[in-house]
Amino acid sequence: MATTIKVRQNGSYLVEGDDVKLIDWNGNEYKPSNPQKFALCRCGHSTTKPFCDGTHSKIGFQAAEAALGPAAEDRPAETATPPANEPT
C-alpha cells in the first residue's frame, strides 16, 4: 500500500501506509501504536504532539486550506482582504 496523507476537514492529517516512518528533527523515530494508520495534529493544541488527540474539535479549529482539484497548487486558500480601516 502506498503512503497517503489525507487532510481532514478542520481536523488532523490522517497518515496511512505499510512502511511509514515519522522522524523528529534529531533523527529519532516516533513509534505510533498503529504504524500503518495514525493521525497527526494540525491545530497545534494536542497534548500528544505530534499525534492528534481530538482537541481540534473542542477548540473549534477551522482550517483555511483545501486542494482545488486536479490543477491545485501547493498553496493556502485565498483569504478575504480586511477592510481598509482594519490593521493587517
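Predicted model: local features only at pLDDT ≥ 70, side-chain atom pairs only at ≥ 80, totals over all residues.

Residues are numbered from 1 along each chain as its sequence is written, and side-chain values use heavy atoms, with hydrogens and water left out.

**Overall fold**

The protein chain contains one helix and three strands, and from the N terminus on its elements follow the order β-β-β-α. Helices (H or I, at least four residues) and strands (E, at least two) are DSSP runs, numbered from the N terminus. Of the 88 residues of the protein chain, 24% count as buried; buried means under 20% relative accessible area, exposed over 50%, and partly exposed in between, with a 1.4 Å probe and protein chains only. The accessible surface of the protein chain comes to about 6,900 Å², and 51% of this area belongs to carbon and sulfur atoms. Accessible areas come from the Shrake-Rupley method with a 1.4 Å probe; for residues, only the protein chains shown count as cover.

**Strand pairing**

Two strands pair if DSSP finds at least two bridges between them. Strand β1 (residues 4–7) runs antiparallel to β2, joined by four bridges, and V7 stands opposite Y13 in β2. The hairpin of β1 and β2 has five residues between the strands, and N10 there takes a positive phi near 55°. Strands β2 and β3 also pair in the antiparallel sense, over four bridges; here Y13 stands opposite L40 in β3.

**Aromatic pairs**

Two aromatic pairs are found in a search of the whole structure. Rings of Phe, Tyr and Trp (its six-membered ring) pair if their centres lie within 6.5 Å; planes under 30 degrees apart count as stacked, over 60 as edge-to-face and the rest as tilted.

| Pair | Centre to centre | Angle between planes | Class |
|---|---|---|---|
| Y30 and F51 | 5.9 Å | 90° | edge-to-face |
| F38 and F51 | 5.9 Å | 80° | edge-to-face |

Y30 is partly exposed at 27% relative accessibility, whereas F51 is buried at 18%. F38 lies in strand β3 and F51 in the loop between β3 and α1, so their pair ties together parts that are 13 residues apart in sequence. F38 is buried, as is F51. Y30, F38 and F51 form one aromatic cluster.

**Nonpolar core and a loop residue**

The largest nonpolar core has six residues, V15, V20, L22, F38, L40 and F51. Such a core is a set of buried Ala, Val, Leu, Ile, Met, Phe, Trp, Tyr and Cys residues joined through side-chain atoms within 4.5 Å. Leaving aside neighbours within four places in sequence, V15 is in contact with residues including V20, F38 and L40, where contact means heavy atoms within 4.5 Å.

N28 lies in the loop between β2 and β3 and is partly exposed, with a relative accessible area of 44%. Beyond its neighbours within four places in sequence, N28 is in contact with L22 and I23.
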